[in-house]
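Welcome! Let us walk through this structure together, one piece after another.

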Amino acid sequence: MEINVKIVKKEIIKPSSPTLDYLRNFKLSLLDQFSPAAYASMLLFYSVNGTADQDFDVFERSQQLKRSLSETLTRFYPLAGRIKDNAIIECNDEGALFVEARVDCLLSKFLEKPNNQLTRKLIPVDIVGFSEEHKGSVLLLVQASFFSCGGLAIGVSISHKIADASTVNTFIKGWAAAAHEAADEQKQLPLLYASSIFPPQNLPFHRMSTVKLNEDKCITERYVIEASKIAALKTKAGSESVRDPTKVEAVTAFIWKCAMKASRSNSKQCRPSALAQSVNLRKRMEPPLPENTIGNLMGHFASRATESSEIDLASLVVQMRKGMQDFGENYVKKLQGDNPLVAITEALREFGSLLHAGNDTDFYIFTSLCRFPFYGIDFGWGKPIWVSSPRDAFKNIVALIDSRDGDGIEAWVTLTEEDMAFFEGDEELLEVAALNPSVMH
């Protein structure tokens, strides 16, 4: 399917009220300093019935989004600033980028067989296109893409220098509440104190050891696993050690198992495999931090599978649970100890060594957006009919997100062309997961 996405307007939106002088220098946390100058993106689709005067309807909704964005930036004022020296955000009210676009097809047609390449056209960081030196300079970009039927996709990209998935969720909820003209108590205030928990350090930029992901020629496919299939997976994945796996644990172990089978089939050998999973640190801290704490407050824990020829679902879940426990007892405690810098650099070193183990180990990175309430976000036109988080096509990356009913899971799986050819024909996988079904059914 070919679609044309045409940019009709690009504007800088500034906060509706100037940022006060004493708030002008916002410190990044130590975790923010180590975060890459990439973007965290979300895409929400709304089925909006247009009026008889379609152009007027689009104009009104675009104006409503811009007015409420300006108001929201007064509360999320660092997002309207610019980063300086990887240490602070100068909250100078330079603003966020607002892109308005037209899509020359019906929303229902677009959602029949959504794919990663198509959805990427609806997030601002991709359609605008940044050179390497300008990546991260604008911290917030949003895109309103209007379909020919009146449907709307709202894409939000926020720099990882200040945001993880939880921060993106907090911001979009706050923006939607303003657009919906909700009561003030619903306009969630961001908590902007991560730097007091993890104070920044005066480190030269070249010490910000970012991990470079593998850019082999890859394919990304979407799989949907319904609640009944997840229940069966949870039963299979249970054991004496882990009696009641979570749905994310069961689905992660299952996809990891199928990916390992694909890799071993193509390489003709049973290499060991490692898995890194993203973790929201807020709920792991002691005491826990509120979800509306702003920043890149995430980490990764590792699990490993041996060269054993049999890949058992239950044993993979045991390894994952062990990795999570080790993460809490070691990394999180060290992070909250006297020298968080050592904890971060050690974790990055381990992450990098796994990633670049080459032919010795297969390495997979899983991210879960499950349980974030994106499907409850209403800008005034009802709740979204579909939510997605478009991804760069890096090797062996898997992103999980709740399906629209809240009980199933959508998995976006990126593998090499060779591995995907085996993976998408795996009968065990296809008994459990549907390959890219229509969103509308």
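At what angle do helix 8 and helix 10 pack, and how far apart are their axes? Keep in mind as you look that this is a predicted model. Helix 8, residues 227-237, packs against helix 10, residues 313-335, at an angle of about 80°, and their axes lie 7 Å apart. Angles from 65 to 115 degrees count as roughly perpendicular, so that is how helix 8 and helix 10 are placed relative to each other. On the helix 8 side, the contact is made by Leu233, Lys236 and Ala237; helix 10 contributes Leu313, Ala314 and Val317. Sorted by class, this contact has five nonpolar residues, one charged residue and no polar ones.

Three of them form an open sheet, in the order 2-5-4, with antiparallel pairing. On average, neighbouring strands here are turned by 35° against each other, direction ignored.

Our last stop is helix 6, which covers residues 165-179. From its first C-alpha to its last, this helix of 15 residues reaches 21 Å, close to the 21 Å expected at 1.5 Å a residue. Is helix 6 largely enclosed or left open? Of its 15 residues, 13 are buried, so helix 6 is largely enclosed by the rest of the structure. After helix 6 comes Glu181, with a positive phi near 55°.

Terms used: Residues are numbered from 1 along each chain as its sequence is written. This is a predicted model: local features need pLDDT of at least 70, side-chain atom pairs count only at pLDDT 80 or more; totals for chains, interfaces and linings use all residues. Side-chain values use heavy atoms; hydrogens and water are left out. Axes are lines fitted to C-alpha atoms, for helices over the stretch in contact, and angles run from 0 to 180 degrees between N-to-C directions. Helices (H or I, at least four residues) and strands (E, at least two) are DSSP runs, numbered from the N terminus. Angles under 35 degrees count as roughly parallel, over 145 as roughly antiparallel, 65 to 115 as roughly perpendicular and the rest as oblique. Contact means heavy atoms within 4.5 Å. Ala, Val, Leu, Ile, Met, Phe, Trp, Tyr, Cys and Pro count as nonpolar, Asp, Glu, Lys and Arg as charged, and the others, Gly among them, as polar. Two strands pair if DSSP finds at least two bridges between them. The expected span of a helix is 1.5 Å times one less than its number of residues. Buried means under 20% relative accessible area, exposed over 50%, partly exposed in between (1.4 Å probe, protein chains only).
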